[in-house]
Amino acid sequence: MDTERNLKHDLERLANNGQPWGAQTVLDRAELELRGRAASWVLDSPRARWSRPVAVIFLSALVVGVSVGVSVLLTGTRDPLPPAVTEAPAPPTTTVSTTQPPPSLSEITPTVPVEVEELLVPAALAPDPPDVPSASLNLAELTWSRVELPESLFTEGDYLSQIVTLDSRLVLLGMGTCGDERVAAVWTSEDGYAWSRVPHDPVFHLKPLGSPQCPKVFRDVVVGGPGLVAVGQIAGPGPTHTLKGVIWTSPDGLNWSRVSPDGPLESETEQTSVYSVYRGGPGLVAIGQACELPPGQAGCERRPAIWTSQDGLTWTRIEQLGDEVASIPSWPSGTFLDTVVSNQNGFVAVGASDNGMTVWTSPDRTTWTRVPRENTSPQTCFQWLGLHLAASDSGFVATRKCNSGSSEYSTVWTSVDGRNWTSTTIGSDVVIGDIVGIGSSFLAVGSTGQVDDGSGTPANPAIWTSTDGITWVPAELDITNAGSGSISGVALGGPGLVAKGWSPEGPTIWVATP
Amino acid sequence: MVSAFDGRIEFNERLLFEELYEPLRRFAAVVMPPGLDPDDLVQEALVRVLRKHRLNDLEHPAAFLRRTILNLVWNERRRRRIRRRAEAEWAASASRPVAPTFPSDLTDLMRLSPQARAVLYLVEVEGFRFDEVAEMLGCSSAAARKRASRARKHLQAALAAETL
């Protein structure tokens, strides 16, 4: 008995040996390696005890790969691991309509269905004007071209996460490096062609003293409050380095301040995450998650959380989200809200659950109602990632990325009222990186296909427009220097529209001219 | 296929990994050979998995990562064995001891194979059943039991020798 107890005790000691880096550090380093910085990172790292084995492991992996290949020939099996990976079914090759084809959004009359009545926004809560005005731009007649950028603009490892326009200034938020550390970074442009990086601001360098964590970065940004309001996350202090939701504001995109360090997003006993911020209501609404931290434990039970603000500076958490939201089980087995938008019909939020995309509606951003699963069925793949949501004057479009064997594609969901949804696809190899509503139309950016080198690199940046969310028309791209990669965000500005993306060489910028 | 679309680990994957990190790191610390850092091992396993899969697509991501960790350890052991053999052949001042990263009284445990440590740890500490452990390690339930039984005998023998 004593031996048993000692064995368990010894195994526990072994398991707890050393000082953990923390999940964020491991993730960040893994990400760097995935982005091709493995060599330099390993050489730079003082904790590179894995450096020599890495090279050998790759060689060993090669040997194992050959063995596996032989095994494949002999047994027909492919994966040496047992993990029973769920393979999603093949993507539909043609447009899929799950219910009766809805009328075109542009054909919708003001006749309000019963379900929509609860979505009507009280006059006092009429949303602010959308970020993207109902521009007179004819989306179908824009020509897109990639901007030639000086090499000095980005350093290795930089990436762009958000693009937004404040007045006439374009602002890119992303991640860069500061010494050996990855930090939030900002770039600006007045015309979409000439860009400069904003000098590093300590406000983004929030690494707690003694923590192995790097600061977290932006998740979303919106025009509102004093100018721009960005939400993101940083690593919290303490032994578990839990995440903290953070809000930054900027009057001009150049100078940034952190909002309310002791505000409702931060707590000693609670871990918060903020995924999305949206202007409307009036004011601002941010959605994410919060969970109480059991003393001494890193894990916690996540619940949806929503914060509102009139000015972007003072935020209040909505305590009563309604029974349906309050009863959401914890992630990852449950559901969370991911992105929120609104139009004159109210608010729509999409999230993920253990069996697909979930949609919520709210007339007032306080009380949320879950759209019945049958209204968004069938959902043919299990994939939580790549959720995007946009509102136009006449409806909503949500996209969700799916995997099919070795390829990826996006499913597009369209709704007039937020409650009844119809699914379609743009193409069997189309992956959507972002979607925006402009006036009564939608613009989707992303990529088609993959480079045929087994790397999974998106082959062709691509853009589509739609007036109804169902029929999508490819936009004209100047492919002279398009290269491979994808486009993942778009904003009004510059000569018309400006988009940001990614290529194997680094971040990319695209402009659309009439 | 590179699952990380543009090299980025998706936010939801990060959230999932945060949940998995602590038990994975503990598992890595148990099965790793001396001289490595368990976090290095976890990181390498994560990179390996993300190069081929989305974390959220895996039905059992924790099991998948554990198995990957064990495969990496196995490869590393093989590499060391080859190196030791080469060093012996060259009769150089080869047998430079590797500084252990574990307390000295855990030496007996570290003499067990990584698979044996993995079985003992998963059963004794994590509370998995043998059939679950077998699935994780890619062996039969009987083989997992046998490994555990043998490991216990080794440890008991070592304990007996020390107390003589």
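What is the mean pLDDT of chain A, and what share of its residues reach 70 or more? In this predicted model, the mean is 70 and 61% of the residues of chain A get there; pLDDT is the predictor's confidence in each residue, from 0 to 100.

**View 1. Chain A as a whole.** Chain A holds five helices and 29 strands, taken as DSSP runs (helices H or I, at least four residues; strands E, at least two) numbered from the N terminus. Of its 514 residues, 57% are buried, meaning under 20% relative accessible area with a 1.4 Å probe, protein chains only.

**View 2. Confidence along chain A.** Over residues 37-135 of chain A, pLDDT stays under 50, and the model has 173 contacts beyond four places in sequence for them; a contact means heavy atoms within 4.5 Å. Residues 329-334 of chain A also stay under 50, with 22 such contacts.

**View 3. Helix 5 of chain B.** The twelve residues of this helix (residues 114-125) should span 16 Å at 1.5 Å a residue, and because its end C-alpha atoms lie 15 Å apart, the two agree. The expected span is 1.5 Å times one less than the number of residues. Twelve of its twelve residues are buried, including B:Arg117, B:Tyr121 and B:Glu124. Just after the helix, B:Gly127 takes a positive phi of about 80 degrees.

**Notes.** Residues are numbered from 1 along each chain as its sequence is written, and chains are lettered from A and ligands numbered from 1 in the order written. Local features need pLDDT of at least 70, side-chain atom pairs count only at pLDDT 80 or more, and totals for chains, interfaces and linings use all residues, while side-chain values use heavy atoms, leaving out hydrogens and water.

Definitions and conventions. Buried means under 20% relative accessible area, exposed over 50%, partly exposed in between (1.4 Å probe, protein chains only).
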